[in-house]
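Visitor: I have a model open and would like to learn how to read it. Where do we begin?

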Amino acid sequence: PDRIALVSALFDREVDAVIAYGESLPPEKALGSMLEYLASIADRTPALASSWRVIPEDHPAYKNSRRMLYDKFRPFYERARASGQFRTDLTLLDLVLVIRLIAIPVSGEDGKSRGIRTLQLLMQGISYQERDEDGADKVR
């Protein structure tokens, strides 16, 4: 019926596709691969990522879609955290922030989208880290 309904439906469709993709993967690879999938969507379709901005954050459609995102990503987040893939202080809210950051269509000087590069940098920040005997970070 309107632009907000269209954007919400597109968002829901993309989230459902990402969840289906994650469900097809081994649990230890699912969440990281899902984030890569989302970054590749942002790289391929920056207009779709930008379209989400037409919905005010206090709009019921925005709130419903965000709640749905939390609910659908929660099991993947919990499995990844329990397996030690990510920092112990990583919250579901942090994960949704990462998703939002990689979905922002950021372009470099060459005009190409940088969703995948943004994800690479963010993954280093959220991944579990341990230190070697010299005190240097070892990333799993």
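Guide: We begin with a term: a polar contact is a pair of N or O atoms within 3.5 Å, and within protein one must be able to donate a hydrogen and the other to accept it. This is a predicted model, and in it the side chain of serine 65 makes such a contact with the side chain of aspartate 12, at 3.5 Å.

Visitor: Where does serine 65 lie, and is serine 65 buried or exposed?

Guide: Serine 65 lies in helix H4. Its relative accessibility is 4%, so serine 65 counts as buried, the cut-off being under 20%. Setting aside residues up to four places away in sequence, serine 65 touches Ser8, Phe11, Asp12 and Trp52.

Visitor: Let us step back to the whole chain. How many helices and strands are there?

Guide: The protein chain has six helices and two strands. Along the sequence they follow the pattern α-α-α-α-α-α-β-β. Of the 140 residues in the protein chain, 34% are buried. Among contacts with a separation of 6 or more, 63% join residues 24 or more positions apart.

Visitor: Which residues of H1 are buried, and where do they fall around the axis?

Guide: The buried residues are Ile4, Val7, Ser8, Glu14, Val15, Val18, Ile19 and Gly22. Seen down the axis of H1, these buried residues fall within an arc of 140°, so they line one face of the helix. The face turned away from that buried side carries the exposed residues Leu6, Arg13 and Glu23. At the start of H1, a side-chain oxygen of aspartate 2 comes to within 3.2 Å of the backbone nitrogen of isoleucine 4.

Visitor: Which residues of H2 are buried?

Guide: In H2 the buried residues are Ala30, Leu31, Gly32, Ser33, Met34, Leu35, Leu38, Ala39, Ile41 and Ala42.

Visitor: What does phenylalanine 73 touch?

Guide: Leaving out residues up to four places away in sequence, phenylalanine 73 touches Val18, Ile19, Leu31, Met34, Leu38, Leu92, Leu95 and Ile99.

Visitor: And tyrosine 70: where is it placed, and is it buried or exposed?

Guide: Tyrosine 70 is in helix H4. Its relative accessible area is 17%, so tyrosine 70 is buried. Beyond its neighbours within four places in sequence, tyrosine 70 is in contact with Leu92, Leu93 and Val96. Valine 96 is 26 residues from tyrosine 70 along the chain, yet their C-alpha atoms are separated by 7.3 Å.

Visitor: Last, charged pairs. How many salt bridges are found in the whole structure?

Guide: The general idea is that side chains of opposite charge can pair when their charged atoms come close. A search of the whole structure finds four salt bridges. One of them joins lysine 72 and aspartate 16, with the closest N and O atoms 2.3 Å apart. Lysine 72 lies in H4 and aspartate 16 in H1, so this pair ties together parts that are 56 residues apart in sequence. Lysine 72 is partly exposed at 29% relative accessibility, and aspartate 16 is partly exposed at 37%.

Visitor: Which other pairs can I look up?

Guide: Arginine 13 and glutamate 14 meet through their side chains at 3.8 Å, N to O. Arginine 13 counts as exposed, at 52% relative accessibility. Aspartate 89 and arginine 87 also form a salt bridge, at 2.9 Å. Aspartate 89 is partly exposed, with a relative accessible area of 44%, and arginine 87 is partly exposed, with 36%.

Terms used
Residues numbered from 1 in each chain as written. Predicted model: local features only at pLDDT ≥ 70, side-chain atom pairs only at ≥ 80, totals over all residues. Heavy atoms only, no water. Helix = DSSP H or I, 4+ residues; strand = E, 2+ residues; numbered from the N terminus. Buried < 20%, exposed > 50% of the residue type's maximum accessible area, 1.4 Å probe, protein only. Contact = heavy atoms within 4.5 Å. Arc of directions from axis to C-beta.
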